[in-house]
Amino acid sequence: GGGGDASPPGSHARFAQPPSAKTMRRLALLPPLLVLCLSQIKFLAACEECSSVNVTAKNTEIHIQKPHNFTISNVTFANGTVAKPGPLDDPISDLEPGVQYTVYLQSYTEICCKNITTVPARVIDIRFSNITTTAIDLKWSSTDQNAPNYSYRIAVDGNSSNRMENSNDTTVVISKLEPGTLYTF
């Protein structure tokens, strides 16, 4: 065809304009509302907090004690992108450590949700260096992909003094130590 509008063979059609207001009103009538946006499904329905649901979060799974008539309908990331489509069983596994999720529960008559953050992964490979009588450098690693976003609190316990040090990195210099004192970090 002319005008350059023809798609090459095997290509997919593309929409030049967003859906019309009429189409959007029709979509708004569909419960629960799912919107396909750049190949990602986002769950946009407003949700009431599930107050009667007990939750235990671990590094990579969430355990939910739900009322017997509820099912886990899906799990989203904090931005609304679906992380695990439902229905799901308890526990919800294969999650990422240190990530906030929203778990949606559904019965025949209501939908509620619970915001849950999985536990960050433990630090590993703790190393000490540059040891003097009054200071020490601590360095550690983490397999957690979100580790660069964490703040760490380091307990410095000595014979007569206990304090907390903070670090936004996987290293910290602990200073103001007393010579001849046994410390636990």
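This is a predicted model: local features need pLDDT of at least 70, side-chain atom pairs count only at pLDDT 80 or more; totals for chains, interfaces and linings use all residues.
The chain contains one helix and 14 strands. Of its 185 residues, 27% are buried. Among contacts with a separation of 6 or more, 49% are between residues 24 or more positions apart. The accessible surface is about 12,900 Å², and carbon and sulfur atoms account for 53% of that area.

Five strands make up an open sheet with mixed pairing, in the order 3-9-8-6-7. The edges are strand 3 (48-49) and strand 7 (82-88); each has a single partner strand, so one side of each has no neighbour in the sheet. Within the sheet, strand 8 (residues 100-106) runs antiparallel to strand 9 (residues 111-117), and seven bridges join the two. In general, the strands of a sheet are paired by backbone hydrogen bonds, in a parallel or an antiparallel sense.

The structure has three salt bridges. One of them joins the side chains of Glu49 and Lys114, at 3.4 Å from N to O. Because Glu49 belongs to strand 3 and Lys114 to strand 9, this pair ties together parts 65 residues apart in sequence. Are the two partners buried or partly exposed? Glu49 is partly exposed, with a relative accessible area of 42%. Lys114 has a relative accessibility of 17%, so Lys114 counts as buried, the cut-off being under 20%.

Another salt bridge links Asp125 and Arg127, whose closest N and O atoms are 2.4 Å apart. Both residues are partly exposed, Asp125 with a relative accessible area of 46% and Arg127 with 30%. Ile126 has its place in strand 10 (residues 124-129) and is partly exposed, at 48% relative accessible area. Ile126 also belongs to a nonpolar surface patch with Val123, Phe128, Ile131 and Phe185; together these residues have about 460 Å² of accessible area.

A further salt bridge pairs Glu165 with Arg163, with 2.8 Å between the closest N and O atoms. Arg163 counts as partly exposed at 24% relative accessibility.

Strand 13 (residues 162-167) includes Ser167. Ser167 has a relative accessibility of 7% and therefore counts as buried. Leaving aside residues up to four places away in sequence, Ser167 touches Trp140, Tyr150, Ser151, Tyr152, Ile154 and Val172. A polar atom of the Ser167 side chain also lies 2.9 Å from the backbone oxygen of Asp169.

Note on methods: Residues are numbered from 1 along each chain as its sequence is written. Side-chain values use heavy atoms; hydrogens and water are left out. Helices (H or I, at least four residues) and strands (E, at least two) are DSSP runs, numbered from the N terminus. Buried means under 20% relative accessible area, exposed over 50%, partly exposed in between (1.4 Å probe, protein chains only). A polar contact is a pair of N or O atoms within 3.5 Å; within protein, one must be able to donate a hydrogen and the other to accept it, and residues adjacent in sequence count only if both atoms are side-chain atoms. Contact means heavy atoms within 4.5 Å. Two strands pair if DSSP finds at least two bridges between them. Accessible areas come from the Shrake-Rupley method with a 1.4 Å probe; for residues, only the protein chains shown count as cover. Patches are made of residues with over 30% relative accessible area and no salt bridge: like charges are joined within 9 Å, nonpolar side chains (Val, Leu, Ile, Met, Phe, Trp, Tyr) within 5 Å. A salt bridge is a side-chain nitrogen of Lys or Arg within 4 Å of a carboxyl oxygen of Asp or Glu.
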